[in-house]
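I opened the file to look up charged contacts and ring contacts between side chains. My notes follow the order in which I checked them.

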Amino acid sequence: MSSSAHATLPRLASLVRLLLQLRMLLAAFALLLIPGERLTPPTFLLILSFALLSGLAARYWERFVPYLREHPLLITLDVCLTSSVLVIEGPSGPVFIITVITAAVCGILYGVRGATLVVLLQILCYTLGVALYAFTHGRDAPVEVMSFQALLIHPALYPIAAYTGSKVRAVLAELAEEQEARKQAELTAAAAEERDRLARDMHDSVAKTLRGAAMAAQALPLWLQKDPERAAGIAAQVADAADTASAEARALISDLRDEDAGSPFTELVERAVRDWAAQSGIAASTDLPEESPEPAFIARRECIAVLKEALTNVQRHSGARSVSVALAVQDGRCTLSIADDGDGFAVPYEEVMRAERGGNGHYGLLGMAERAERAGGSLDVSSAPGEGAVLRVTVPVMSASPPAPTSEKS
């Protein structure tokens with residue numbers, strides 16, 4: 001399965017779940033609308049079973065929908081089952097609408113080709129069901145079967161519903177392809193930006209450190225002749241510089257690893273908070289949505305960097321005993337909040353930012369604000385003495401990712 005098709009499946013499954021819920025409700029209505037003299041125990045059990053099966057399928061849609069896509073035979077059994085109810089109910093009412101919904105479900109799951117076969121079967125079963133209904137009830141049939149509506153309009157609704165479902169499927173697939181293309185473009189841009197950052201970091205850290213070590217090493221033979229004691233000190237400096245360069249190189253390599261690219265955003269947040277709590281010994285809790293919002297690639301990285309920086313500041317400066325991290329989604333943006341119960345501070349956030357932009361030698365909040373701006377978002381901090389502090393970073397959400405169906409994961 002292509003990546004775009006894989007991305008489309010959760011949306012298709014959600015739509016099918018909605019239709020299954022509608023089928024369940026219509027089946028319940030059918031029990032209420034069928035006249036008492038025709039609602040025999042077998043009919044009651046048949047429709048009740050149909051409603052329960054639709055409800056169970058809607059309840060466990062994550063497993064059921066992928067299974068249904070791989071086993072179209074289940075749809076044919078469903079068509080036969082509902083058509084048997086048409087023999088009792090006639091070619092109208094909630095049960096007939098249920099059969100139309102089945103056609104729409106086929107269009108969504110199988111596209112035009114797959115749905116065409118099921119629709120042909122539906123028309124055949126509908127014809128047989130109506131014929132048996134007319135034969136069973138004779139002239140006393142409550143529903144007129146020799147009407148224009150029963151003979152032409154109703155059967156025509158099956159291909160119309162299937163075609164509509166297939167078009168919805170095509171639109172969702174197109175959206176998924178556009179999202180995938182945008183994601184790849186963002187990854188490409190992020191890779192270019194990462195190369196530039198790596199070049200700057202190497203120039204500012206490893207290259208400078210190695211250059212200083214090289215200059216010291218070049219002077220070492222001269223000091224060995226003039227002042228062996230000082231030469232020993234310079235040799236120690238060279239060794240320290242080599243260790244520093246090694247540590248800086250390891251840090252750069254660690255930054256280059258992108259092992260979290262495929263993980264949901266909430267999982268990254270949860271992991272960062274958990275690791276920090278274990279390292280700092282400060283209690284931390286999270287309040288994250290079940291459906292993970294997915295900011296763009298750069299926004300994800302910058303948000304996690306802000307989160308780690310904020311938690312580090314809490315550990316170093318706040319005196320907090322506990323921290324809570326929450327993630328909320330609203331109007332296409334997600335807000336990550338880090339709240340602590342520490343000492344807090346009285347200086348307004350805007351004043352702190354002006355001081356850092358003015359060059360007071362501290363750049364903690366300024367760096368986090370710049371990260372938020374680079375992600376297309378914003379940063380805000382509120383605090384009061386003795387009441388802790390709350391830092392919020394808000395960034396646009398690219399999409400909400402429903403959990404992938406179980407069978408697809410495997």
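These entries cover salt bridges, then aromatic pairs, then charges over rings.

Entry 1. I note at the start that the model is predicted. I searched the whole structure for salt bridges and got seven. Three of these pairs are written up below.

Entry 2. I looked up Arg271 and found a salt bridge to Glu267, with the closest N and O atoms 3.1 Å apart. Both residues lie in helix α9 (residues 265–280), and because they are four residues apart there, about one helical turn separates them. Arg271 has 25% relative accessibility, so I logged Arg271 as partly exposed. Glu267, at 39%, is also partly exposed.

Entry 3. I went on to Arg300, which forms a salt bridge with Glu294 at 2.8 Å between the closest N and O atoms. Arg300 and Glu294 are both buried.

Entry 4. I looked up Arg371 and found a salt bridge to Glu302, the closest N and O atoms being 2.6 Å apart.

Entry 5. I turned to the rings and counted three aromatic pairs. In one, Phe96 and Tyr126 have ring centres 5.9 Å apart and planes at 55 degrees, so I logged the pair as tilted. Phe96 is buried, with 4% relative accessible area, and Tyr126 is buried with 2%.

Entry 6. I followed Tyr126 to a further partner, Tyr158; the two rings are edge-to-face, with 6.0 Å from centre to centre and 75 degrees between the planes. The pair joins distant parts of the chain, since Tyr126 sits in helix α5 (residues 94–137) and Tyr158 in helix α6 (residues 148–204), 32 residues apart. Tyr158 has a relative accessible area of 1% and is therefore buried. I recorded Phe96, Tyr126 and Tyr158 as a cluster linked by ring pairs.

Entry 7. Last, I looked for charges over rings. Which ring does the charged end of Arg230 sit over? I found the ring of Trp223, with the charged end 4.0 Å from the ring centre. I also found the charged end of Arg59 over the ring of Tyr60, 5.1 Å from the ring centre.

Methods
Residues numbered from 1 in each chain as written. Predicted model: local features only at pLDDT ≥ 70, side-chain atom pairs only at ≥ 80, totals over all residues. Heavy atoms only, no water. Salt bridge = Lys/Arg side-chain N within 4 Å of Asp/Glu carboxyl O. Helix = DSSP H or I, 4+ residues; strand = E, 2+ residues; numbered from the N terminus. Buried < 20%, exposed > 50% of the residue type's maximum accessible area, 1.4 Å probe, protein only. Phe/Tyr/Trp six-rings, centres within 6.5 Å; stacked < 30°, edge-to-face > 60°. Lys NZ or Arg CZ within 6 Å of the ring centre and 35° of its normal.
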